[in-house]
Amino acid sequence: MATSRLCVLFLVCSALFAEEVKLEEKPAAKPVRLFTEDELQRYDGTEEHLPIYMAVKGVVFDVTLGKEYYGKDAPYNALAGKDCTRAVAKMSLDPEDLTSDMTGLTKEDIDSLDSVFEGTYKAKYPIVGYTAARILNEDGSPNEDFTPEEQPHFQTRDEF
Ligand code: HEM
């Protein structure tokens with residue numbers, strides 16, 4: 001009798017302990033792909049067999065679905081293969097705006113950028129990675145504050 005009580009006690013304790021261990025476990029961070037400028041440039045729509053990528057606010061989107069906008073000879077092809085946050089914010093295709101530099105943007109530009117970022121890019125195109133500006137500090141160390149963008153409506157598969 002005493003042995004069976006001990007057994008029950010042991011089972012309850014191990015179940016509790018297991019639960020505690022589970023709760024203390026940190027969720028593993030999902031790996032993300034880092035794009036260098038050169039790598040991103042490869043996906044500018046020039047090579048027909050490759051997907052088309054562009055970045056806004058350091059987030060790299062697969063915009064192949066919007067080939068009629070971003071593909072070779074398409075009206076917004078200049079935005080492909082690079083981070084063109086400034087161009088999207090200002091709705092400009094001026095070569096000097098084809099950059100991630102946000103210096104001097106007005107509040108209207110930033111509001112417009114955020115609305116296109118959420119309403120068009122995040123809503124329509126799957127995220128495939130991030131530029132160094134988004135995941136690394138200037139000295140190349142990992143940016144501890146980096147959090148991946150949520151895109152719950154996409155069932156993106158893990159590349160790793
Ligand atoms: C005369 C000037 C322009 C006209 C008539 C025009 C027209 C359009 C039209 C009809 C769409 C499609 C909207 C839809 O059905 O979802 C569109 C989308 C878009 N336009 Fe323009 N546009 C002009 C200039 C620009 C400029 C200068 C930029 C610079 C960045 C720009 C960036 C975009 C972007 C990012 C989209 C979203 C494309 C997507 O869904 O991926 N547009 N534009």
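These legends describe close-up views of one predicted protein model and its ligand.

The model is predicted: local features need pLDDT of at least 70, side-chain atom pairs count only at pLDDT 80 or more, and totals for chains, interfaces and linings use all residues. Residues are numbered from 1 along each chain as its sequence is written.

**View 1. Overall layout of the protein.** The protein has 6 helices and 4 strands. Helices (H or I, at least four residues) and strands (E, at least two) are DSSP runs, numbered from the N terminus. Along the sequence they follow the pattern α-β-α-β-β-α-α-α-β-α. Of the 160 residues, 22% count as buried. A residue is buried if 20 or more other C-beta atoms lie within 10 Å of its own, exposed if 12 or fewer, and partly exposed in between, with C-beta atoms placed from the backbone. Among contacts with a separation of 6 or more, 56% join residues 24 or more positions apart. Two residues are in contact if their C-beta atoms, placed from the backbone, lie within 7 Å.

View 2. The 4 strands form an open sheet in the order 1-4-3-2, with mixed pairing. Strand 1 (34-35) and strand 2 stand at the edges with a single partner strand each, so one side of each is left without a neighbour in the sheet. Two strands pair if DSSP finds at least two bridges between them. Strands of a sheet pair through backbone hydrogen bonds, either parallel or antiparallel. Strand 3 and strand 4 (residues 127-131) run antiparallel and are joined by 3 bridges. Here phenylalanine 61 stands opposite isoleucine 127 in strand 4.

View 3. Strand 2 (residues 53-56) runs antiparallel to strand 3 (residues 59-62), and 4 bridges join the two. Alanine 55 has valine 60 of strand 3 as its bridge partner, while tyrosine 53 has aspartate 62. Most residues other than glycine have a negative phi, and most peptide bonds are trans. Lysine 57 is buried, because 20 other C-beta atoms lie within 10 Å.

**View 4. Helix 5 and its bend.** Helix 5 has 18 residues and reaches 24 Å from its first C-alpha to its last, close to the 26 Å expected at 1.5 Å a residue. The expected span is 1.5 Å times one less than the number of residues. At phenylalanine 117 the helix bends by about 35 degrees, the bend being the angle between axes fitted to the seven residues ending there and the seven starting there. Its buried residues are Leu113, Tyr121 and Lys122. Strand 2, strand 3 and helix 4 are among the elements that cover them.

**View 5. The shell around the ligand.** Gly66, Tyr69, Tyr76, Ala87, Val88, Met91, Ser92, Leu93, Thr120 and Lys124 surround the ligand; each has its C-beta atom, placed from the backbone, within 6 Å of it. Helix 4 (85-90) and helix 5 (107-124) are the elements that give two or more residues to this shell. By class, the shell has 6 nonpolar, 3 polar and 1 charged residues. Ala, Val, Leu, Ile, Met, Phe, Trp, Tyr, Cys and Pro count as nonpolar, Asp, Glu, Lys and Arg as charged, and the others, Gly among them, as polar.

**View 6. Methionine 91.** Methionine 91 lies in the loop between helix 4 and helix 5. Its phi is positive, about 50 degrees, although methionine 91 is not a glycine. Methionine 91 is exposed, with 11 other C-beta atoms within 10 Å.
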